[in-house]
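The tour below goes from one selection to the next and says what is found at each stop.

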Amino acid sequence: MSPHLWELDTLEDAEGHLQRLDFQPFKLQNLVNGNLVPHPHNWIDSMNPKTGLHFACIPNSTPEQIDQAVKAADAAFPAWSATPPSQRSQYLQRIASRIEEQRELFAVWESIDQGKTLTRARVEIDRAVSNFRWDNSGIAFHTCGVFALISPWNMPLYLLTWKIAPCLAFGCTAVAKPSELTSVTAYLLSAVFQDVGLPPGVINLVYGAGNPTGSALVRHPLIKGISFTGGTATGRQIRRDTVDDIGKHLSLELGGKNPTLVFDDVDMDKAVATAAAAAKSRTNNIQICLCGSRIYIQRRIWSEFVSRFVSYVKEHYELGNTVGAVVSLPHYNKIRSYLSLAAEDPVSVFHLGSIPPENPEGGFWIEPAVLTVSESSPLLTDEIFGPVVTLTPFDTEEEAIQKANNSQYGLASILLTKDGARMRRVGERLEAGLVWVNCWLVRELGTPFGGMKASGIGREGGQYSREVFTSVRTLHIPQV
């Protein structure tokens, strides 16, 4: 591993190094059977979202390389699954401590690699540490075998470790693949696994695009289960790729187009702040699947709420300060296309924001946009995954529920009201795996996480991950 990457543990030093005239992009290596493996094949260029410049080369791993990694995990499985749970837990604690010791290093490169602010990156590194603070003493279920763990680009280390930690705790081995857009902190994590002496082959880290790398991984006959977080289209492809392998465990945490319902009895200041936090996800640019990007406001407070909401966003969401860059040029262009579509619709109203330039210079930056659009607009139905939020009025409670549920997705919902009876009445009818009442993103990491409808299948989190990584076995022994 290049010593430069490890030595640059402040944002100032890291960004200064990337600006040097003699800078050469970092070349990442797969971790297979405990060793970093040189990559002689094709590379994927990884761009710094804040500058638009190439800063890392990501291996586009071949099916042959995936086969080697899966076989290493398969060879490591018998010994690891037989390791006492308390001893496996000790490895997890050492991994957590090592990440914690290098918190700033991980946060710096997470910020650079993904485009989020350093403040947000630190929060996510802390959550990655929490993922490994796992007490699995007393776990005694039948472990499944080798897993494919595939994580997205929006919260790279946090969501990768969200999968790795329970996989290890329950005695499974794995081949993990982070997004090819954000692989750097996974690369740093590979050194942590080496430092703490994790047995070779227990966790293998490979890099590459969905095709060929991801496809080869999920199709491999030795893979007994898949934990995937990402887009719904990819989730559907995984189901197609594995349709003939009935025994494979599937946990698919997919997209979301989450509603926020604002009733007319709310405390206006609190409601505006909560809705804005859920909609704009300060420091991560609505690049979180749980964001409430569809806000429905009861008509009696419509004018006041819209005015105060727009003012609040203007004041609190500033590019480069509290709002980061979007992850890549293709994603920038995707968001831009939706804003252009809205501008062409005579019904649309831009309360805030505008169409960003077609050819961005100096990084992939998009100002927050707040719009009212027609009921048939794709901005109301499609997961844009960027700093775009829509505002829509409603009259009755029944209408609010209908509008909220009128989506192919069912990941999360936010309900803002003072009425205790309504909290239960409406909350229990919202088609979502997670419902927040008068708050957002307040959750204990051990609670079940997952969605309904096109937002996926399965639940992960704490002991709920047992359903993913183990199988229940009943042993019948007759009395003698």
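Start with helix H7, which gives the most to the lining of the second largest pocket, with 4 residues. Keep in mind throughout that this is a predicted model.

**Stop 1: the second largest pocket**

The second largest pocket has a volume of about 190 Å³. Its lining consists of 16 residues, and those closest to its centre are Ser130, Asn131, Trp134, Leu445 and Gly462. Next select 118–132 and 156–169: these are helix H6 and helix H7, the elements that give two or more residues to the lining of the second largest pocket. Coloured by class, that lining shows 5 nonpolar, 8 polar and 3 charged residues.

**Stop 2: the two domains**

Colour 5–254 together with 455–471 as domain 1, and 259–437 as domain 2. The centres of domain 1 and domain 2, taken over C-alpha atoms, are separated by 30 Å. How many residues of domain 1 are in contact with domain 2? There are 23 of them, and they are in contact with 25 residues of domain 2.

**Stop 3: the largest pocket**

Now select Trp153, Phe228, Gly230, Gly231 and Thr234, which lie nearest the centre of the largest pocket. This pocket is lined by 33 residues and has a volume of about 770 Å³. Four elements to highlight are helix H9 (210–219), strand S10 (223–229), helix H10 (232–241) and helix H13 (329–344), each of which supplies at least two residues of the lining. Which element gives the largest share of the lining of the largest pocket? It is H10, with 6 residues. With the domain colours still on, look for both: domain 1 and domain 2 each provide at least three residues of this lining. By class, the lining of the largest pocket has 13 nonpolar, 14 polar and 6 charged residues.

**Stop 4: the cavities**

A search of the whole structure finds 3 cavities of 30 Å³ or more. The largest cavity has a volume of about 190 Å³. Of its 22 lining residues, select Leu159, Trp162, Glu253, Arg443 and Phe449, the closest to its centre. H6, H7 and S11 are the elements that give two or more residues to the lining of the largest cavity. The lining of the largest cavity has 11 nonpolar, 5 polar and 6 charged residues, and it draws at least three residues from each of domain 1 and domain 2.

**Stop 5: Glu253**

Stay with Glu253, where the unreviewed UniProt entry places the feature "active site". The residue lies in strand S11, residues 249–253. Is Glu253 buried or exposed? Its relative accessible area is 9%, so Glu253 is buried. Show its contacts: leaving aside neighbours within four places in sequence, they are Phe228, Thr229, Gly230, Cys289, Leu411, Phe449 and Ser455.

**Stop 6: Leu416**

Finish at Leu416, in strand S18, residues 412–416. Leu416 counts as buried because its relative accessibility is 2%, and the cut-off for buried is under 20%. Not counting residues up to four places away in sequence, Leu416 touches residues including Thr260, Val266, Ala271, Asn438 and Cys439.

Note on methods
Residues are numbered from 1 along each chain as its sequence is written. This is a predicted model: local features need pLDDT of at least 70, side-chain atom pairs count only at pLDDT 80 or more; totals for chains, interfaces and linings use all residues. Side-chain values use heavy atoms; hydrogens and water are left out. UniProt positions are given in the numbering used here, feature names are shortened, and annotations may be inferred rather than shown by experiment. Buried means under 20% relative accessible area, exposed over 50%, partly exposed in between (1.4 Å probe, protein chains only). Contact means heavy atoms within 4.5 Å. On a 1 Å grid over the protein atoms alone, a cavity is a set of points where a 1.4 Å probe fits but cannot get out, and a pocket is an open set with protein on both sides within 12 Å along at least five of seven lines; lining residues have an atom within 4 Å of a point. Grid points are joined across faces, edges and corners, and a volume is the space filled by probe spheres set on the points. Ala, Val, Leu, Ile, Met, Phe, Trp, Tyr, Cys and Pro count as nonpolar, Asp, Glu, Lys and Arg as charged, and the others, Gly among them, as polar. Domain bounds come from an automatic or database domain assignment.
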